[in-house]
Amino acid sequence: MTHFSVLILLLRDRKNFLEDIRHDVKLERKIGSLLVASCIFFAIYGAIIGSSSSWLQLLSSAIKLPALYLVTLIICLPTLYFFDILFGSKLNFRQYAAMLMTTVGIISVLMFSFAPVVLFFLISIQGYNFFLLLNVAVMSLTGIIGIRLFYRGMKQIAGPDAAEDKLRNRLLQGWLVLYGLVGSQLGWTLRPFFGAPGEPFQIFRPEIDGNFYAQVVTSIFSLLGY
């Protein structure tokens with residue numbers, strides 16, 4: 001079974017895929033395949049958004065976009081694992097890692113599905129703020145879908161008793177908020193992904209002032225002419 005076929009199996013038969021995770025069936029292979037496939041899809045999408053600036057930015061973004069999602073996972077996974085077992089979870093570390101990789105895999109393939117649309121607007125509309133906000137919208141939408149499916153999947157593999165535990169559900173919801181905050185701020189830290197017009201190529205911005213949310217608001221006002 002190839003790396004991409006594991007991802008297709010997840011998309012086509014998610015219920016049985018989650019049952020395999022619940023029963024700890026060949027998780028190392030699933031994790032590895034989802035890791036490879038998602039990195040390729042993220043790299044392609046990163047290359048497209050980076051191509052709006054230069055070839056160097058294309059290569060940089062193709063590397064940094066997969067790193068963004070995987071580093072966010074690495075940062076947040078221990079918090080989920082230790083807090084959840086503290087409140088009664090019987091799942092092992094592999095199962096948590098596999099669940100998070102299913103989320104990353106789904107987000108990556110959804111972003112890849114938007115790649116032709118993003119490429120079309122890149123070619124047809126020459127507007128930095130519009131292109132930036134378009135990609136923020138794509139990343140937000142795919143992230144929300146991925147997180148929503150992760151929440152449902154965690155309740156499925158945890159079993160009926162754990163799924164009805166209000167405290168654990170609130171813990172999981174809080175962790176999802178944390179995951180989103182860490183990911184968005186890490187994206188700000190790893191910028192640029194697009195490359196601002198007139199700016200020389202930089203792997204990372206030397207200053208880390210401000211935040212992701214303020215930049216989005218600034219881009220919206222700029223696009224509206226304020």
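The following legends describe close-up views of a predicted model.

**View 1. A network of salt bridges joins Asp24, Glu28 and Arg94**. The side chains of Asp24 and Arg94 form a salt bridge, with 2.4 Å from N to O. This pair connects distant parts of the chain, as Asp24 belongs to the loop between α2 and α3 and Arg94 to helix α5 (residues 93–124), 70 residues apart. A salt bridge also joins the side chains of Arg94 and Glu28, at 3.5 Å from N to O. Here too distant parts of the chain are linked, with Arg94 in helix α5 and Glu28 in helix α3, 66 residues apart. Arg94 has a relative accessible area of 34% and is therefore partly exposed. Glu28 is exposed, because its relative accessible area is 53%. The structure holds 5 salt bridges.

View 2. Arg22 is partly exposed, with a relative accessible area of 33%. Glu19 also counts as partly exposed, at 22% relative accessibility.

**View 3. Asp24 and Lys26 have positive phi values in the loop between α2 and α3**. Phi of Asp24 is near 60°, a positive value in a residue other than glycine. Asp24 is partly exposed, since its relative accessible area is 26%. For Lys26, likewise a residue other than glycine, phi is near 50°. Lys26 has a relative accessible area of 62%, so this residue is exposed.

**View 4. A nonpolar patch on the surface is formed by Phe4, Val36, Ile40, Ile44 and Phe112**. Together these residues have about 360 Å² of accessible area. Helix α3 (residues 27–50) contributes the largest share of the patch, 3 residues. Val36 has its place in helix α3. With a relative accessible area of 32%, Val36 is partly exposed.

**View 5. The second largest pocket has a volume of about 150 Å³**. Its lining consists of Ser52, Leu122, Ile125, Gln126, Gly127, Tyr128, Phe131, Gly195, Ala196 and Pro197. These lining residues divide into 6 nonpolar and 4 polar, with no charged residue.

**View 6. The second largest cavity has a volume of about 40 Å³**. The structure holds 4 cavities of 30 Å³ or more. Of the lining residues, 4 are nonpolar, 4 are polar and 2 are charged.

**View 7. A cis peptide bond runs from Arg191 to Pro192**. The omega angle of this bond is near 5°. Pro192 lies in the loop between α8 (166–189) and α9 (212–223).

Conventions
Residues are numbered from 1 along each chain as its sequence is written. This is a predicted model: local features need pLDDT of at least 70, side-chain atom pairs count only at pLDDT 80 or more; totals for chains, interfaces and linings use all residues. Side-chain values use heavy atoms; hydrogens and water are left out. On a 1 Å grid over the protein atoms alone, a cavity is a set of points where a 1.4 Å probe fits but cannot get out, and a pocket is an open set with protein on both sides within 12 Å along at least five of seven lines; lining residues have an atom within 4 Å of a point. Grid points are joined across faces, edges and corners, and a volume is the space filled by probe spheres set on the points. Ala, Val, Leu, Ile, Met, Phe, Trp, Tyr, Cys and Pro count as nonpolar, Asp, Glu, Lys and Arg as charged, and the others, Gly among them, as polar. Patches are made of residues with over 30% relative accessible area and no salt bridge: like charges are joined within 9 Å, nonpolar side chains (Val, Leu, Ile, Met, Phe, Trp, Tyr) within 5 Å. Accessible areas come from the Shrake-Rupley method with a 1.4 Å probe; for residues, only the protein chains shown count as cover. A salt bridge is a side-chain nitrogen of Lys or Arg within 4 Å of a carboxyl oxygen of Asp or Glu. Helices (H or I, at least four residues) and strands (E, at least two) are DSSP runs, numbered from the N terminus. Buried means under 20% relative accessible area, exposed over 50%, partly exposed in between (1.4 Å probe, protein chains only).
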